[in-house]
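Visitor: Could you walk me through this structure, one feature at a time? I would like to learn how to read each of them.

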Amino acid sequence: MIKERVCGVFGIIGHEEAANLTYLGLHSLQHRGQESGGIACSDGTVMRRQIKMGLVSEAFKRNALQELPGRTAVGHVRYSTAGSSDIRNAQPFVLDYAHGQVAIAHNGNLVNAGDLKKKLEQAGSIFQTSSDTEVIVHLMARSGQPTTLGRLVEALSQVRGAYSLLVMADGKLFAARDPHGFRPLVLGRLKDAFVFSSETSSFNLIEAEFIREVEPGEVVVIGDSGLTSSKPLPKKPKKFCVFEHVYFARPDTTFDEQTVYHARIELGRQLAREMPTNADVVIPVPDSGVPSAVGYSKESGIPFELGLIRSHYVGRTFIEPQDSIRHFGVKLKLSPVGAVVNGKSVVVVDDSLVRGTTSRKIVKMLRAAGAKEVHLRIAAPPTTHPCFYGIDTPTRSELIASNHTVEEIARYITCDTLSYISHDGLMKAVNGQDGGFCSACFTGDYPVELSGGANPIIPLRKRIETDG
Ligand code: AMP
């Protein structure tokens with residue numbers, strides 16, 4: 001199975017500082033991907049592209065941006081996974097085809113890309129990358145439709161799965177979201193320019209005005225004559241990824257009028273209502289567990305403290321140490337505050353528990369720092385199924401909750417008690433009781449059928465050692 005992972009996309013049209021603003025937009029989407037960043041810019045005649053491995057702020061120097069003149073740009077940050085770094089897969093892709101140049105940036109995962117790629121190769125296509133995104137461009141190239149919009153729609157009508165897509169071609173900027181709307185995509189305005197981004201966090205930074213979400217199944221085109229919109233794909237129920245609220249998105253981002261920060265506070269409150277604990281102090285696993293721990297503390301009345309400090313300087317160049325000193329790994333990133341936890345009964349709140357290895361190390365560390373009892377509370381239900389729509393999750397066998405009971409997991413992690421928020425509680429916290437969300441990673445209820453027994457070999461990003 002070829003796959004693309006959760007990434008971030010940004011696009012702008014009608015601004016003389018298109019490349020600089022895209023750089024800033026990507027900077028505020030950096031949490032969505034640290035493996036590579038790329039910007040493609042059009043001056044109306046030629047498209048130019050700069051792609052770099054690593055963090056946008058470190059990899060893009062001033063001269064790289066100066067080489068990108070033009071008023072239209074698309075940018076992309078790509079998610080990091082152990083062992084898959086390849087500059088060839090860095091986006092945006094810029095390709096030449098019979099109708100000129102086209103740039104494309106994609107967030108999501110196409111579940112039938114493997115089948116389509118095989119057919120296209122049999123028909124003579126030569127692929128440059130192992131990314132599913134390239135399939136879309138090949139389908140566009142083979143389309144007999146007379147317009148770019150027609151070719152894009154014809155391509156999208158053949159792919160299945162998750163996509164929030166930006167395409168620059170023909171002096172226009174196209175934005176498309178799959179009919180279920182798995183991954184986010186928002187539209188904004190910056191003076192006369194239109195901007196698109198995976199998250200509103202970019203608009204906060206560049207001071208763009210949020211207009212609305214690109215709707216599931218919608219294709220928006222911005223050109224000389226302004227904005228046009230169509231819904232050319234068959235309508236499907238909305239299935240926005242609930243894990244964006246749980247872990248992935250930045251807390252200052254807003255989805256469907258709910259700020260992610262508030263969703264996470266609500267997750268913590270709900271968790272405290274469902275799983276109360278008699279303890280002295282609530283501590284988060286930073287950074288992603290902070291808002292839910294605040295919520296847990298507010299609801300339970302147990303004081304909130306920072307009992308774990310996260311170092312933000314664990315570089316991506318960190319070389320895995322030899323076995324004898326490997327256990328330092330987690331300590332490089334998280335360090336307990338003895339004065340907060342010593343002699344205390346501690347509630348530790350984290351956003352999710354995937355393989356359980358991080359929590360196990362954290363519990364050990366807190367006990368070594370003197371914690372009397374450690375109660376782990378997870379602001380998501382047990383992660384039992386891999387994601388096929390863009391989130392980077394391990395295989396089913398590596399997901400500890402897919403083959404162990406909560407008691408067994410607690411024993412492995414060596415905490416005194418372990419509990420998770422219920423699925424109903426999760427839905428209540430994100431205003432999803434009436435549907436509208438994909439929560440397949442917690443239920444196995446996949447909204448889009450996987451083709452050809454897709455193989456879920458998607459390694460979890462090695463969070464402690466590599467993420468930023
Ligand atoms: P573990 O249980 O050791 O696999 O790690 C769980 C931690 O990883 C949680 O605290 C989350 O903050 C974080 N996490 C959850 N999902 C992902 C993901 N897809 N990629 C990276 N980190 C994740």
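Guide: Let's begin with the domains of this predicted model. The centres of domain 1 and domain 2, taken over C-alpha atoms, are 33 Å apart.

Visitor: Which residues belong to domain 1 and which to domain 2?

Guide: Domain 1 covers 8-236, while domain 2 is made of 257-311 + 326-453.

Visitor: How many residues of domain 1 are in contact with domain 2?

Guide: On the domain 1 side there are 14, and they meet eleven residues of domain 2. Together the two domains bury about 990 Å², with carbon and sulfur atoms giving 58% of that area.

Visitor: Which strands supply the side of domain 1 that touches domain 2?

Guide: Look at β6 (100-110) and β7 (161-169): each supplies at least two residues of that side. By residue type, this side of domain 1 divides into four nonpolar, seven polar and three charged residues.

Visitor: And how many salt bridges and polar contacts cross the interface of domain 1 and domain 2?

Guide: The rule finds zero salt bridges across it, but three residue pairs in polar contact.

Visitor: How many salt bridges are there in the whole structure, then?

Guide: Here is the general idea: side chains of opposite charge can pair when their charged atoms come close. A search of the whole structure finds 19 salt bridges. One of the pairs to look at is Glu 244 with Arg 32, whose closest N and O atoms are 2.8 Å apart. This pair links distant parts of the chain, 212 residues apart: Glu 244 sits in helix α8 (residues 242-248), and Arg 32 is in the loop between α1 and β2 (36-42).

Visitor: Let's turn to aromatic rings. Why is the pair of Tyr 23 and Phe 60 called edge-to-face?

Guide: A pair of aromatic rings is described by the distance of the centres and the angle of the planes. The search finds ten aromatic pairs in the whole structure. For Tyr 23 and Phe 60 the ring centres are 6.4 Å apart and the planes are at 70°, so the pair is edge-to-face; planes over 60 degrees apart count as such.

Visitor: What about the backbone: where are cis peptide bonds found?

Guide: Follow omega. From Gln 91 to Pro 92 the peptide bond is cis, with omega near 0°, and Pro 92 is in the loop between β4 (72-78) and β5 (93-97). Another cis bond joins Pro 286 and Asp 287, where omega is about -5°. Asp 287 lies in the loop between β17 (281-284) and α10 (290-300).

Terms used:
Residues numbered from 1 in each chain as written. Predicted model: local features only at pLDDT ≥ 70, side-chain atom pairs only at ≥ 80, totals over all residues. Heavy atoms only, no water. Domains from an automatic or database assignment. Contact = heavy atoms within 4.5 Å. Buried area = accessible area lost by both parts, 1.4 Å probe. Salt bridge = Lys/Arg side-chain N within 4 Å of Asp/Glu carboxyl O. Polar contact = N/O pair within 3.5 Å; in protein donor to acceptor, adjacent residues only side chain to side chain. Helix = DSSP H or I, 4+ residues; strand = E, 2+ residues; numbered from the N terminus. Nonpolar A, V, L, I, M, F, W, Y, C, P; charged D, E, K, R; others polar. Phe/Tyr/Trp six-rings, centres within 6.5 Å; stacked < 30°, edge-to-face > 60°.
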